Amino acid sequence: MSVRAGVAHADEAEFRRFYEETARPLRAWLRRAAGADNVDDLAQETYLRFLRAQVDDLPDDERRAYLYRIAMNLVRDGWRAERRRGPATVLGDVEAPAPPNAETIDVQRAMGRLRLRERTLLWLAYVERASHREIATALDVKEGSVRVMLSRARQKLVGALAQGRRGKP
Amino acid sequence: MSRDACAREGDVATAVGSATWTDELRAHVRDCATCREVELVTSAMMAAMREEAEEPLPDAGRLWWRAQLEARGAARRRSMRPLDVAEWVEPLVAVAVALLLLQLSGDRVVGVLARLLPGEATSDVVQLALPAPVLTALVAGVLLTGVMLFVGLGAAFARDR
């Protein structure tokens, strides 16, 4: 984990540092992996809940995991609300919206074939370089099952990427 | 089925992230199916990450101060909670005390009521019709109705605000 040691959220400067380190990847995850449209609102609410939770006593490597856990819950809440509003807006675990950049279209489509938990797992492992312990905290699973889950999710994404490329004209 | 893990997965992910490869790691990836998967997946996700990096971040200070304001609001609500409870308990205590007093000196109250009413016959009727226990029950009913109205109206006003 690259989160600075001793981040104390009772201190504004320390929160700023934590935010600078985590906000960009979190926003990228929200947009690219979770397929959220309202990234600004979700990111803001995630940090507010994080501050509200007063998790200063958690070990450093668990804070970022906790941040992702909050964000995942918010994304799921958003999907539930969308589903309640009507079938035309259903996104959820099914498909993420198209990204603005053509370079990432394949990736995002492939990610859309994975469940949110799998996308988050891969993101934490390979973008955030999080430990299995941290991933387990974020996903609320046993640390021992992370390795197998990661392997399955990775194979699923590789398969989805290959399928996407085969389907291209 | 899940593929076997490889001890070099982390090295591969780091190499993709930093775009720094050693010849030895390259050679390993050619021979290791797991690491080839890791390279593919990490490259794909890092591309998505790099795209996000170009966008400016909202200010952390605003978030911090909003959280502070919310925390203060929550603390204020917490500190007011005993007063809210007292607001509910207060009328009930008043009713209980009134009933106790009536029970203890109900005959005297009936006597005072009888003296206040005009005419001797009326006073006698009051004293016959309103023995102390009946008066206590009547007053209890009136007071409890008052409390219910008070609490109900208070709740209605609170919702309107």
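Biologist: At what angle do helix 5 and helix 6 of chain A pack?
Modeller: This is a predicted model, in which local features need pLDDT of at least 70 and side-chain atom pairs count only at pLDDT 80 or more, while totals for chains, interfaces and linings use all residues. Residues are numbered from 1 along each chain as its sequence is written, with chains lettered from A and ligands numbered from 1 in the order in which they are written. Helices are DSSP runs (H or I, at least four residues) numbered from the N terminus, and angles run from 0 to 180 degrees between the N-to-C directions of axes fitted to C-alpha atoms over the stretch in contact. The axes of helix 5 and helix 6 (residues 132–139) of chain A are 10 Å apart, and the angle is about 150 degrees.

Biologist: What does that make helix 5 of chain A relative to helix 6 of chain A?
Modeller: Angles under 35 degrees count as roughly parallel, over 145 as roughly antiparallel, 65 to 115 as roughly perpendicular and the rest as oblique. The angle here is about 150 degrees, so helix 5 of chain A is, relative to helix 6 of chain A, roughly antiparallel.

Biologist: Which residues in helix 6 of chain A meet helix 5 of chain A?
Modeller: Contact means C-beta atoms, placed from the backbone, within 7 Å. Helix 5 of chain A contributes Arg117(A), Thr120(A), Leu121(A), Leu124(A) and Ala125(A). In helix 6 of chain A they meet Glu134(A), Ile135(A), Ala138(A) and Leu139(A).

Biologist: How far apart are the axes of helix 1 and helix 5 of chain A?
Modeller: Pro25(A), Trp29(A) and Ala33(A) in helix 1 of chain A meet Arg119(A), Thr120(A), Trp123(A) and Val127(A) in helix 5 of chain A. The two helices pack at an angle of about 140 degrees, with an axis separation of 11 Å.

Biologist: Is helix 1 of chain A oblique or roughly antiparallel to helix 2 of chain A?
Modeller: Helix 1 (residues 12–33) and helix 2 (residues 39–53) of chain A have axes 10 Å apart and pack at about 135 degrees. That angle makes helix 1 of chain A, relative to helix 2 of chain A, oblique.

Biologist: How many residues of the contact of helix 1 with helix 2 of chain A are nonpolar?
Modeller: Tyr19(A), Ala23(A) and Leu26(A) are among the helix 1 residues of this contact, and Val39(A), Leu42(A) and Ala43(A) among those of helix 2. Ala, Val, Leu, Ile, Met, Phe, Trp, Tyr, Cys and Pro count as nonpolar, Asp, Glu, Lys and Arg as charged, and the others, Gly among them, as polar. The contact has one polar and two charged residues, and its nonpolar residues number eight.

Biologist: Which helix supplies the largest share of the side of chain B that touches chain A?
Modeller: In total, 26 residues of chain B are in contact with 36 residues of chain A. Helix 3 (33–53) and helix 4 (60–116) of chain B each supply at least two residues of that side of chain B. The largest share, 14 residues, comes from helix 3 of chain B.

Biologist: Which residues does Leu63(B) touch?
Modeller: Leu63(B) is in helix 4 of chain B. A residue is buried with 20 or more other C-beta atoms within 10 Å of its own, exposed with 12 or fewer, and partly exposed in between; Leu63(B) counts as buried because it has 23 C-beta neighbours inside 10 Å. Leaving out residues up to four places away in sequence, Leu63(B) touches Gln44(A), Tyr47(A) and Leu48(A).

Conventions:
Two residues are in contact if their C-beta atoms, placed from the backbone, lie within 7 Å.
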